[in-house]
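Here are a few notes on the charged side chains, jotted down for your read-through. Have a look at the model before going on.

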Amino acid sequence: MRKIKDFIKDKKINLKRLEEFSFKLINNSYYYHTFLLKNQFKMIVKINLDNSIFAEIIDTETNEPYVLHLLEMKRSGYSEKVYKAYSQILEKIQKECFEDEIFKANYTKEIITYVKNKYGDELEFLWEKSPKNAVIRRKSSNKWYAVILTISKRKLNLDSDEIIEVINLHNITEEIKKLIDYKKYFPAYHMSKKHWCTICLDGTVELKKIYRMIDISYELAK
């Protein structure tokens, strides 16, 4: 059985869509209610601004919470029907009120916005086995000029298992040699180390410098 948090895994709220879906803002949380199985149950969904979601089902005859749909081992044919109706509502909310948010780091989000606004390019997720890795390509040449990856710091020979987001950017070989210091700039992870370098998107290198390097990489992708 899918847990409620799984319905919005790697998703972010679209507040405008919440309101269009008839969610109401009450005390900094959004509430929505609907009825299930010919009004036998009332379903209340609460979404907080921190992206957490809660749902409750009330038996309209007794006005008591109904929980059997959550007990997978004890679900009968009837509670299975309740669970199915409950899941359909959550899936509809997920589809209509949330957007994909694969990458979490603020730097990554800023970079995605920068690329979209300046070049009109979007992320492409090419690898089914690596859903948290994406490329950005130049439309005129169809060549990649940025690759955003989710990896362990240990992949960069750093002494940590922390999972971070990084960007691979193209540059001329002479400049790559000057940049690589194993602190701010690293040999490209999983790409040509002569023509690409890796930067951690954790504040190690300031955004303005990364933007300039994206522009260089874009030009080299002609």
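Is E122 buried, partly exposed or exposed?

1. E122 is partly exposed, at a relative accessible area of 45%. For the cut-offs, buried means under 20% relative accessible area, exposed over 50%, and partly exposed in between (1.4 Å probe, protein chains only). E122 pairs with K116 in a salt bridge, with the closest N and O atoms 3.6 Å apart. A salt bridge here is a side-chain nitrogen of Lys or Arg within 4 Å of a carboxyl oxygen of Asp or Glu.

2. Ground rules: this is a predicted model, where local features need pLDDT of at least 70 and side-chain atom pairs count only at pLDDT 80 or more, while totals for chains, interfaces and linings use all residues. Residues are numbered from 1 along each chain as its sequence is written, and side-chain values use heavy atoms, leaving out hydrogens and water.

3. Searching the whole structure turns up 13 salt bridges. One of them joins K132 and D10 at 4.0 Å, N to O, and these two sit 122 residues apart. D10 counts as buried at 18% relative accessibility, whereas K132 is partly exposed at 35%. K104 also belongs to the salt-bridge network with D10 and K132.

4. Then there's D100 with K11, a salt bridge at 2.5 Å, N to O. D100 lies in strand β7 and K11 in strand β1, so the pair ties together parts 89 residues apart in sequence; strands (E, at least two residues) are DSSP runs, numbered from the N terminus. D100 is exposed at 53%, but K11 is buried at 18%.

Terms used. Helices (H or I, at least four residues) and strands (E, at least two) are DSSP runs, numbered from the N terminus.
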